[in-house]
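Have the sequence and the fold open side by side as you read.

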Amino acid sequence: MKVLIGGGTGFIGRALTHLLHSRGHEVTVVSRQPGADRITWNELTRFGLPPCEAVVNLAGENILNPFRRWNEAYRKDLLSSRLDTTHTLATAIAKAIQPPQAWVLVTGIAYYQPSQTAEYDEDSPGGNFDFFSNLVSKWEAAAKLTGDTTRQVVVRSGLGGPIGSGRQFFPWIHIEDMSRILVHAIENSHVNGILNGVSPASSTTNAEFAKALGAALGRPAFLPLPSPAVQAIFGRERAVMLLEGQKVIPRRTLASGYKYVFPELGAALKQAVS
């Protein structure tokens with residue numbers, strides 16, 4: 001298959017490209033800079049979608065960039081970098097003479113409201129309680145296509161690091177599984193709708209993650225970064241993403257037939273730090 005990846009030069013994009021190549025697929029990256037096996041966003045807007053069987057969007061300004069002050073300008077960058085690229089790709093797909101078979105967008109678990117008691121799967125409500133949940137709602141809305149010519153998949157991904165009280169739930173995923181879930185969505189025609197891109201070990205807390213990371217490194221458990229420090233670095237609104245977790249279950253991901261390579265935290269961390 002020919003696969004077009006928006007924002008394919010980042011951490012997930014590089015891993016996904018490597019996996020796709022290993023499975024015999026061709027990859028073209030949409031980037032701000034021209035280059036081999038790339039097209040620019042301007043070229044995509046001007047000339048339309050190149051021939052491809054699948055499109056993936058990973059583009060977006062880093063939400064947890066500690067060097068960016070949490071202000072209105074940064075919030076606009078976070079929105080525009082996601083909504084504009086997603087809308088550009090969705091528009092190109094809609095206008096294509098031969099539209100792709102699959103359109104896959106990666107968003108985030110910030111859609112679900114932080115809670116120490118609630119359990120969320122892909123059908124759970126959310127997306128309307130703070131800046132980040134609203135961002136995910138707008139992001140996913142920008143990707144929507146009319147009709148059923150192209151399969152539409154949204155993967156809400158998890159994250160990682162020992163922070164705050166340690167009691168909050170911590171939905172994590174190994175980069176290998178994140179990449180493979182995306183390829184699973186691209187290659188299998190029965191996969192559609194929302195998938196949670198998190199490990200099945202959804203009851204992991206931040207403190208347990210820190211302890212397992214310490215064990216994988218052969219060192220004592222990492223001390224969690226204190227809540228006031230997190231708020232000072234990232235701003236109160238952004239800090240919520242790190243200090244208040246949620247228990248997220250990949251129910252539809254598992255039901256779609258995806259088999260996790262690293263379902264357990266210990267093995268995932270040992271591989272990641274090896």
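Are Y258 and Y260 buried or exposed? Y258 is buried, and Y260 is too; buried means under 20% relative accessible area, exposed over 50%, and partly exposed in between (1.4 Å probe, protein chains only). Keep in mind that this is a predicted model, where local features need pLDDT of at least 70, side-chain atom pairs count only at pLDDT 80 or more, and totals for chains, interfaces and linings use all residues. Residues are numbered from 1 along each chain as its sequence is written, and side-chain values use heavy atoms, leaving out hydrogens and water.

**Aromatic pairs**
- There are seven aromatic pairs in the structure; rings of Phe, Tyr and Trp (its six-membered ring) pair if their centres lie within 6.5 Å, and planes under 30 degrees apart count as stacked, over 60 as edge-to-face and the rest as tilted.
- Y111 and Y112 have ring centres 5.4 Å apart and planes at 85°, so they pair edge-to-face.
- Y258 and Y260 also form an edge-to-face pair, at 5.0 Å centre to centre with 80° between the planes.
- One aromatic cluster is made up of W70, Y74, F131 and F132.
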